[in-house]
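Let's take a walk through this structure together. Keep the sequence and the 3D view open as you read.

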Amino acid sequence: MIDNILIIFTNTINIIETLTEMRAYVLKNLYMHLSMKYKIFIFVYMLIILISITLGYYSYQTSSKQIVNKVSMTNLGIVNEIRNNMTGMQRSISDWITVFSLAPEIQEALVTKNQSVNRLDSSLYSGPTASIMNQMLFSKNFDYFALYGGDKDYPIFQEATDGSNGSGSLKQIQRTEIYQNARKKNGASYWFSLNSSDTVFIQNNQNEKIGMTRIVRNIHNGSPIGFIFMGINQKTIREQYLKNLYDDMHGIVILNENGTFLLQAGMEASFTNPSDIQFKSIIHSSESGDAVIKVNGQNLLVTYSAMNDNGWRVVYLVPLSILTKELSSIKVFVFIIILACLLLSLPFMMVLTTIITAPIKNLVASMERFQNGNFEERVDIKYRDEIGHLSRGYNKMVKNVKKLVDEVYVLQLKEREAELKALQSQINPHFLYNTLDMIFWEAESAGQSQISEMIVHLSRLFRLSLNRGKSFTNVEREIEMLELYLSLQKMRFKDSLTYQINISSELHNYVIMKLILQPFIENAIVHGIEQKRGGGSITVSGDLIGNRMRFLIEDSGAGINADTLQHILVVQPESNINTDFNTNGYAISNIISRLQYYYNDNYQLRFDSQVGRGTQVELIIPAILADQEETK
């Protein structure tokens, strides 16, 4: 159960990852631009499909697991039966060969040189060993037998029941790995697979066999005196020991202790190498068990036994498709459920989405009419759900906006219009220019060159500050205006004021709000230089840092205490701008309002002041080229 849940969870994670990769395209270009009605419709449909697939998959996997577990238990019984049959066969053959090799006639023939083959044959079938030989012939435990010994290179005794002939040379046999393994067994049996193409042991082998070799030792001193080779046809094993235990859809594989294939029966499969069917874990397992592996693209249920006393392991193979064939009805059932759910939920979803989205459509339609200037617009509220709360808030907003338009906006427009007219009547640029020009020529006529210079500077300063009614100017003009303003103040304070302007030429083509730096300099003179005995200095610097402009205004004046600085930085209410005659710090407050209006929060303004040591003002604003500002 836990394994199935983990599989479902893993598959769900994979689905989520795939959907995440598609999210950018699907959500932006398809789903998110749909109406609420279709969003709900698609979401519920996808939910129904996901739940149906999850339940179907879970049911299929659970049923499949239960069937596999039950079949595995049955197969394990078959495997144990095959294992017992193979063990009995091995024990029967080993016991016969043990009795045969210990017979006095065999021992004497193996230690006697120039032993006659015919003499040994007659003694075996006529003497005390006749019963042993009759058992071999009638039990059909093996189909080929060869005994090597004495001083001969070929068998001193051999017997074949399947037409195989042509015994191999002992010298050739001794050079094989099979012979070396037999010697390592120290008198025990060594089993191996022998096909028809292997001519070392039998030159003319008629059938594929399972071979067994054993070293014969002297019963008196234990020294090796002979060598026995025995072969039993795989066909014989299938007919006598594996009958009715396999068919075309079930397979049996028998392995030796090294994992080498000894015999295959039943289901057609190509097992040329144990690694082909992932047998490594099975070979090294010390207990019986089962596993699902893939062979040639086909999933197989593999049930295997532990090794018997001779190191043989039995493996039973069943295609998983046979076990789960009947479960295919679950897949069809799941598909029918999904299709039925989709069809039956179609009218229900249409009604549900219409009920949910109808109030939203009414609200959207009302908003469109409100945007077109219908300030009497209202939405009928029928329910107290989220949409009802939204409609109630919308009605309240419309009412407040109408009130604002009727009572505040119109009144402020009239007020602004009156103030603008009053300002225009008070400041007439042509009148002021002509008056300054007249004063300049009067001063020239009187020989007052310094007054003339001051008037020229003032006139230029006034023209730059008006800037043809534009709110922005380039940094180069702002520098010129600062030069004119400070030169006028220098004429006023004489040696009590010194100043420097160190603004990088990189900034000349960038735009800045007009009169944004001058008020800081004015405050430095009024609140700093004038208040300090002996005067002071002012330094204005500016440079380009990335895509931002940084300006620094420093003075060596009297400094500003914390309370005064806090008062200066407070933004004045709009209603007090033109009515409050105490204008100390108003210019700074006005600058802050303008910065917030034009740059929102995309600026930095920092004050650092110490009483008696001076004040430092740092302003950082976006760097905008003049041509970029014109295209806005």
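What follows looks at some strands, then the salt bridges, then a cavity.

Before we start, this is a predicted model, where local features need pLDDT of at least 70, side-chain atom pairs count only at pLDDT 80 or more, and totals for chains, interfaces and linings use all residues. Residues are numbered from 1 along each chain as its sequence is written, and side-chain values use heavy atoms, with hydrogens and water left out.

Start at strand β11, residues 298–304 (strands are DSSP runs of E with at least two residues, helices runs of H or I with at least four, numbered from the N terminus). Of its 7 residues, 5 are buried, so β11 is largely enclosed by the rest of the structure; buried means under 20% relative accessible area, exposed over 50% and partly exposed in between, with a 1.4 Å probe and protein chains only. On one side, β11 pairs with β10 (residues 289–295) in the antiparallel sense over 7 bridges, where pairing takes at least two DSSP bridges between the strands. Here K294 has N299 as its bridge partner. The β10–β11 hairpin has 2 residues between its strands, and N296 takes a positive phi near 50 degrees there. Strand β12 (residues 313–319) also pairs with β11 in the antiparallel sense, over 5 bridges, with V302 opposite L317.

Now for charges. The model has 3 salt bridges, each a side-chain nitrogen of Lys or Arg within 4 Å of a carboxyl oxygen of Asp or Glu. K209 and D162 form one of them, at 2.8 Å from N to O. K209 lies in strand β6 and D162 in the loop between β2 and β3, so this pair ties together parts 47 residues apart in sequence. K209 is buried at 0% relative accessible area, and D162 is buried at 18%.

Which residues are linked in a network of salt bridges? They are R550, R606 and E618. The closest N and O atoms are 2.7 Å apart for R550 and E618, and 2.9 Å apart for R606 and E618. E618 is buried at 14%, while R550 is partly exposed at 24% and R606 is partly exposed at 35%.

The largest cavity has a volume of about 130 Å³; a cavity is a set of points on a 1 Å grid over the protein atoms alone where a 1.4 Å probe fits but cannot get out, and lining residues have an atom within 4 Å of a point. Its volume is the space filled by probe spheres set on the points, which are joined across faces, edges and corners. The cavity is lined by 13 residues, and α16 supplies the largest share, 5 residues.

Definitions and conventions
1 Å grid on protein atoms, 1.4 Å probe; cavity = no way out; pocket = protein on both sides within 12 Å on 5 of 7 lines; lining within 4 Å.
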